[in-house]
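Open the model in your viewer and keep the selection panel at hand. This tour goes from one selection to the next.

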Amino acid sequence: MSLALSVKTVDLHYGAAQALKGISIDCAPGRITAVLGRNGVGKSSTLRAITGINHVSSGTIAFGEDTLKRTPPYKRARMGIGYVPQGREIFPLLTVRENLETGYAGLARNERNIPAYIFELFPVLKSMLGRRGGDLSGGQQQQLAIGRALVTRPKVLVLDEPTEGIQPSIIKDIGRALQFLRDEKGMTILLVEQFLDFCREVADDIYVMDRGEIMHTGPASDLDRADVRKHLMV
Ligand SMILES: Nc1ncnc2c1ncn2[C@@H]1O[C@H](COP(=O)(O)OP(=O)(O)OP(=O)(O)O)[C@@H](O)[C@H]1O
């Protein structure tokens with residue numbers, strides 16, 4: 001089966017500092033892939049390379065059959081890469097509805113609507129449609145950021161630490177939502193995380209990163225192995 005998203009031997013530099021050292025990640029279609037690692041190991045840089053926000057120094061990123069060279073972020077979004085950034089980056093002065101509608105930008109006119117299933121996954125968004133994004137709690141903002149990405153009709157959904165700073169009950173809702181998207185919508189999901197228990201619960205495949213390199217690849221159950229966990233100890 002062809003891969004939904006494939007990162008091959010990617011290097012990424014910030015000036016003279018090398019943040020990614022030959023990393024390769026394969027996301028199989030309809031599965032949840034998690035990249036785990038401590039602070040500063042290069043998780044966000046990996047996602048920013050995939051979304052086109054940061055340029056890679058070498059290596060390739062393929063989305064389905066297409067190799068993404070200098071494809072700008074808005075084109076990658078249009079192609080079907082939905083992005084939920086770290087810190088959520090919702091617009092605090094826009095309403096919840098307006099935040100969701102920012103996802104229309106790359107859509108054809110007849111697709112410019114908010115799919116009803118988003119409100120089934122996150123009912124709080126429906127009840128707060130007229131409220132400003134900045135009035136929402138951190139967990140509600142995370143649900144809004146996921147909803148906004150879903151409005152763009154992604155084939156692959158990419159999430160940067162979706163559990164960061166979020167209360168346990170909402171983490172559970174987000175986990176259930178990701179599993180629904182995989183199982184019912186056939187979506188391919190790539191997330192980066194530090195929270196092991198969340199990944200053990202929702203992920204199918206894991207990659208463990210340390211200092212810009214992939215140290216381990218395997219099924220999520222490998223998170224129980226001491227030789228894997230040693231890369232994740234603070
Ligand atoms: N814009 C930037 N300019 C220079 N260095 C950067 C920049 N962004 C990240 N770095 C450095 O690159 C390395 C990887 O950072 P990155 O944010 O990708 O890691 P991370 O695993 O996502 O960490 P965190 O969990 O803190 O977000 C770190 O050493 C970081 O300091």
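Select V7 and I25: V7 stands opposite I25 in strand 2. This is a predicted model, in which local features need pLDDT of at least 70, side-chain atom pairs count only at pLDDT 80 or more, and totals for chains, interfaces and linings use all residues. Residues are numbered from 1 along each chain as its sequence is written.

Now show strand 1 (residues 5-14) with strand 2; they run antiparallel, joined by seven bridges. Strands here are DSSP E runs of at least two residues, helices are H or I runs of at least four, and both are numbered from the N terminus. Two strands pair if DSSP finds at least two bridges between them.

Next, the ligand. Select Y14, A17, A19, G37, N39, G40, V41, G42, K43, S44, S45 and Q86, the residues around it (C-beta atom, placed from the backbone, within 6 Å). Strand 2 (17-27) and helix 1 (43-51) each give two or more residues to this shell. Which element gives the largest share of the shell? Helix 1 does, with three residues.

Stay on helix 1. Eight of its nine residues are buried (20 or more other C-beta atoms within 10 Å of their own, C-beta atoms being placed from the backbone). Among them are K43, S45 and L47.

Definitions and conventions:
Buried ≥ 20, exposed ≤ 12 C-beta atoms within 10 Å, placed from the backbone.
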